[in-house]
Amino acid sequence: MFATLSDRLADTFKNLRGKGRLSEADIDATAREIRIALLEADVALPVVKEFVGAVKERARGEEVSGALNPAQQIIKIVNEELVEILGGETRRLRYAKSGPTVIMLAGLQGAGKTTLAAKLALWLKDQGKSPVLVACDLQRPNAVKQLQVNGERAGVPVFAPEPGNAQGVEHGGDPVGVARASIEEAKRKLYDVVIVDTAGRLGVDAELMQQASDIRDAVQPDEVLFVVDAMIGQDAVVTAQAFLDGVGFDGVVLTKLDGDARGGAALSIASLTGRPVMFASNGEKLTDFDLFHPDRMASRILDMGDMLTLIEQAEKSFDSEQAMKAAAKLSGQGGEFTLDDFLEQMQQVRKLGSMSKIMGMLPGMGQFREQLENFDEREIDRIQAIIQSMTPAERANPKIIDGSRRARIAKGSGRMVSDVNQLVDRFFEARKMMMQMAKGGGMPGMPGMPGLPGAGKRGKQKAQPKKGKGAKRSGNPAKAAQEAAAAKERAAAAAANPFGNPDAEPVDYEAAAANLNLPKDFSKFLK
């Protein structure tokens, strides 16, 4: 979504590296590049002016002029200002103190409200809530049916007493009556969240705006969420302002963040309307939905990654017991890490979503965007086919896979022998690296990491003089004679008692052996 903006900002910051101090000309040039980057990303002009002005003002302050690394300080300032225009902090849902919490969705037709209603319901269900979906979109053909299908996929009940406009059948329903009846239904069946899906508008339609206002007055929602397509550009701000004036809303939900648009709407709506972005939808699956975190989105835009979201997704998707078993094996405490374990871990990673999306959350991956976009997700299927074409013995011990076995595995998986060879070689390399990391050996090839060939070498240290033989003698002849005599005595004591204290009396080993009551024949071994 923010690829254009991210690339332009990265190029801008690259020009600042290596500068020990920023001049007025450097600050002006940087501000100009940031302004161009934001305008190209379809950010509204008032937001651009405010953003660039704040960055220039802070860049001229002491925090940059006295900094060791001005480029990093500029990045820090831009990051903080991005967080600010995106809403400042994460805004969470407000739940009703008594009775069901009512959430009303509003927005233009085609923004994805109906699908988003099911995504929100599934998200609330995972939070331990008991939601119900309400079909109040009786205008669009088959909108009620679509909500019922999505509700079934999410495992959430749908309240739909009116069929709405079925395909080819005109039906004039009462959306306000349906919304009012849904509250009683929720109280009767003990649903604690009611999600009202309203009709979309092709534009700022006065009649439909009035209908949305009537639904709002009928159900008195705790939250009114404005659903906006993140790809509609600067028109999103105009529409949002019209809805704010006509209906009013408490928060914004951005859909289609996985698209290839420039994403200026996300940077504009929160700043101009004063309403925070609360949720974001970034995919077609019902699980591609979560809270919107301004700080994490700013971090992604600046190509600093989003490790917190990645960790949260891993915690939800990974089987902790399997992960502990794999970790034990890698640390050498639970047996050998096999291809079966490798396949299990790969399947767990796949639950997080597409590999390109996962890799995109890592810091610095913006420079590999083209490779990530061209990544073939079917590669994981091919690896799985190769591993599952092996016998249990081969998966447990890949070292026994010889030439004939590789040919059989390749034939069984529909792949080339070279693919099997590559997988086995990569498995051994990956296992070696993971075992080294599990034992605290560090990443292979990283300078300064202990336990690696050619890495972590210490600098040459000045040789310290050894004590005892070969030690430097005093230049005073009398003192040197005393040291020589003392050394001679120590040598004699050590010869008499090589294993004990040099000052102790010599030990009679034959007498000591006699006191041990050893067998008669054993004495010959003591001579």
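Two strands are taken to pair if DSSP finds at least two bridges between them, and the legends below apply that criterion to a predicted model.

View 1. Eight strands form an open sheet with mixed pairing, and their order is S3-S2-S4-S1-S5-S6-S7-S8. Strand S3 (158-159) and strand S8 (289-291) stand at the edges with a single partner strand each, so that one side of each is left without a neighbour in the sheet. Strands of a sheet pair through backbone hydrogen bonds, in either a parallel or an antiparallel sense.

**View 2. Strand S2 between its partners S3 and S4.** S2 pairs with S4 in the parallel sense over five bridges, and Pro-131 stands opposite Val-193 in S4. S2 and S3 also run parallel, joined by two bridges, with Leu-133 opposite Val-158 in S3. In a regular strand the side chains alternate between the two faces of the sheet. In S2, Pro-131, Leu-133 and Ala-135 point one way, whereas Val-132 and Val-134 point the other way, and all are buried. Because five of the five residues of S2 are buried, this strand is largely enclosed by the rest of the structure. Helix H7 (residues 143-154) lies across strand S2 (131-135), S3 and S4, and runs at about 165 degrees to S2.

**View 3. Strand S1 beside S4, with the surroundings of Thr-101.** Strand S1 (residues 101-107) and strand S4 (residues 193-197) pair in the parallel sense over five bridges, and Met-104 stands opposite Val-196 in S4. Thr-101 has its place in strand S1, and it counts as buried because its relative accessibility is 3%, where the cut-off for buried is under 20%. Not counting residues up to four places away in sequence, Thr-101 touches Arg-94, Tyr-95, Ala-96, Asp-192, Val-193, Val-194 and Asp-222.

**View 4. The packing of helices H8 and H9.** Two packed helices are described by the angle between their axes and the distance between the axes. The axes of helix H8 (residues 175-189) and helix H9 (residues 206-219) come within 9 Å and cross at roughly 20 degrees. Since angles under 35 degrees count as roughly parallel, H8 and H9 are therefore roughly parallel to each other, and their crossing is right-handed. On the H8 side, the contact is made by Pro-175, Val-176, Ala-179, Arg-180 and Ile-183, and on the H9 side by Gln-211, Asp-214, Ile-215, Ala-218 and Val-219. The residues of this contact of H8 with H9 divide into seven nonpolar, one polar and two charged.

Definitions and conventions
Residues numbered from 1 in each chain as written. Predicted model: local features only at pLDDT ≥ 70, side-chain atom pairs only at ≥ 80, totals over all residues. Heavy atoms only, no water. Axes fitted to C-alpha atoms, helices over the stretch in contact; angles between N-to-C directions. Helix = DSSP H or I, 4+ residues; strand = E, 2+ residues; numbered from the N terminus. Parallel < 35°, antiparallel > 145°, perpendicular 65-115°, else oblique. Left-handed = near helix turned anticlockwise from the far one by under 90°. Contact = heavy atoms within 4.5 Å. Nonpolar A, V, L, I, M, F, W, Y, C, P; charged D, E, K, R; others polar. Buried < 20%, exposed > 50% of the residue type's maximum accessible area, 1.4 Å probe, protein only.
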